[in-house]
Amino acid sequence: MKKKKSSQAAKIRKTPFVVIFVFLALGAVGISLGEPSRVLEQAKQICLSCIGIG
Amino acid sequence: MDFIRKWVQALFFLISNGYWNFPVTRGIYQGPLKVICSPGLNCYSCPAATSYCPLGALQQLIAGVRLSLENGQIFVGFYVVGAMGAIGGFVGRMVCGWACPFGLFQELLHKIPSPSFDIWRPLRWIKYAVLLFMVILLPLFVVDDFGFGHTWFCKYLCPAGTLEAGLPLLILQPGLRESIGLLFFNKLFFLILFIVWSVVASRPFCRTACPLGAFYGLFSKIKLVKLRLDPDKCTSCEACHAVCPMGVRFNESPEDMDCISCLACSKACSFNAISLEVGGLQVAGKESGRLTATQAVER
C-alpha cells in the first residue's frame with residue numbers, strides 16, 4: 001500500500017503547481033499595489049472607442 | 001460528455017453575463033464583482049457583464065502605464081497577468097472549450113447546416129502576432145500627446161466587443177448612433193467575417209485571431225489539467241483528427257497549443273488511448289470495455 005502510494009506520488013507533476021503559485025504571487029503583488037481598484041474603475045466605465053463607437 | 005460541456009458553457013455564459021437589469025438601467029453593471037477576472041473572452045462593456053475582460057483590462061493598464069508611473073502608481077498589469085497566468089497554469093485553453101462565451105457562440109453558429117471547410121493551418125500563428133502587437137507592444141509604444149496609448153485589439157479587431165457591447169449599447173442608447181463612423185464599420189466587418197466563417201468552419205476566431213487563446217496556449221505543456229495520450233494504445237487511426245474542432249492532430253502532438261480539452265477526441269478514440277489527467281494523475285477516460293491496440297492487432 002505504502003509502495004503504491006509512493007509510486008503514485010512520483011507521477012505527480014510539480015511544475016503546474018509552481019507556475020500557478022508564481023502567478024498567484026504576481027497577482028498578490030498587483031493587489032498590494034492597488035491595481036484592483038484601477039481595474040474596477042476602468043471596468044465600471046464604458047470605453048466607447050474601445051468598442052468601436054466614437 | 002459534449003452535453004455536459006454545453007451546460008458548463010451555458011453556465012459560464014450566465015455567470016459572466018449575469019446582470020439582467022440592463023434593459024431598465026440602459027447602462028452597464030458597475031458593481032464590485034467587476035474586480036473578478038472573466039476566464040474567457042467577454043467584453044466588460046457588455047451591459048450584462050459582471051466581470052472584467054482580462055484582455056481589455058490588460059490593454060487599458062498598458063496603455064496608461066506612463067501616466068500611472070508619472071503619478072507614482074505602479075499599475076503595470078500584475079493583478080491581471082497574475083489572474084490570467086493562474087487560470088492558464090490550471091487549465092490553459094480548456095477555458096476556450098468550456099468557459100468562453102464567444103467560443104460557445106462560434107460553436108452554435110457552426111451547427112447551422114452548411115458546407116464545412118478546414119482552416120489553413122499556418123493561419124493559427126496570427127493570434128500570437130495579435131497578442132504580441134495589438135495587446136502588448138502597440139498599446140505600450142504608440143502613444144498620443146498625453147502619453148496615453150490605445151487599446152488596439154479592442155478598438156480595431158475584437159468581434160466579441162462589437163457583438164456584446166457595441167451593438168447592444170447602440171440599441172439601448174440611441175444617442176450613441178450619431179457617434180458611429182469608420183471605426184465601427186471596421187469592427188462590424190470583422191464581426192460579420194467571423195460569423196460567416198464560423199458557419200462554414202469550426203471556431204475560426206479561436207484558431208486564428210484570439211490573443212487570449214494564444215496566451216492560454218503557452219501553458220499547454222505545463223498546465224495542471226490536460227489530456228494525455230497513451231502511445232501503447234494509439235493505433236494512429238486518426239479518428240481524433242476528424243472530430244477535433246480546433247484542427248489538432250492529437251496523436252501527433254498531444255500537447256498542442258490549440259487543444260481546448262473538449263474531450264471530443266477522447267470520446268472518438270476506440271482504443272481508450274486518450275484520457276484526462278490532473279497533475280499527472282489520470283482522472284477520466286473511458287473504461288477498458290473496448291479493444292486496446294494490441295488486442296485489435298491480435299484479432
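A pocket is an open set of grid points with protein on both sides within 12 Å along at least five of seven lines. In this predicted model, the largest pocket holds about 360 Å³ of space. Its lining is made of 18 residues. Nearest the centre lie Asp2(B), Arg5(B), Glu107(B), Val243(B) and Pro245(B). Four helices of chain B each supply at least two lining residues: α1 (2-16), α7 (101-110), α14 (239-243) and α15 (264-268). By class, the lining of the largest pocket comprises nine nonpolar, seven charged and two polar residues.

The second largest pocket has a volume of about 220 Å³. Its lining includes the aromatic residues Phe13(B), Trp20(B), Phe22(B) and Phe105(B). Pro47(B), Pro101(B) and Pro168(B) also line this pocket, as do Cys46(B), Ala48(B) and Leu163(B). Asn17(B) and Glu164(B) complete the set. The largest share, three residues, comes from α10(B). Ten residues of the lining are nonpolar, one is polar and one is charged.

The structure holds six cavities of 30 Å³ or more. The largest cavity contains about 130 Å³ of space. It is lined by 16 residues, and those closest to its centre come from both chains: Cys50(A), with Cys43(B), Tyr44(B), Gly56(B) and Cys154(B). Nine of the lining residues are nonpolar, six are polar and one is charged.

The interface between the two chains was considered next. Here 36 residues of chain A are in contact with 52 residues of chain B. The buried area is about 3,600 Å², and carbon and sulfur atoms give 72% of it. In chain A, the residues that lose the most area to chain B are Arg13(A), Glu35(A) and Ile51(A). Together they account for 17% of what that side buries.

One salt bridge is counted between chain A and chain B. It joins Arg13(A) to Glu277(B), with the closest N and O atoms 2.8 Å apart. On the side of chain A that touches chain B, α1 (2-11), α2 (15-32) and α3 (35-44) each give two or more residues. The largest share, twelve residues, comes from α2(A). By class, this side has 21 nonpolar, ten polar and five charged residues.

Note on methods:
Residues numbered from 1 in each chain as written. Chains lettered and ligands numbered in written order. Predicted model: local features only at pLDDT ≥ 70, side-chain atom pairs only at ≥ 80, totals over all residues. Heavy atoms only, no water. 1 Å grid on protein atoms, 1.4 Å probe; cavity = no way out; pocket = protein on both sides within 12 Å on 5 of 7 lines; lining within 4 Å. Points joined across faces, edges and corners; volume = space filled by probe spheres on them. Nonpolar A, V, L, I, M, F, W, Y, C, P; charged D, E, K, R; others polar. Contact = heavy atoms within 4.5 Å. Buried area = accessible area lost by both parts, 1.4 Å probe. Salt bridge = Lys/Arg side-chain N within 4 Å of Asp/Glu carboxyl O.
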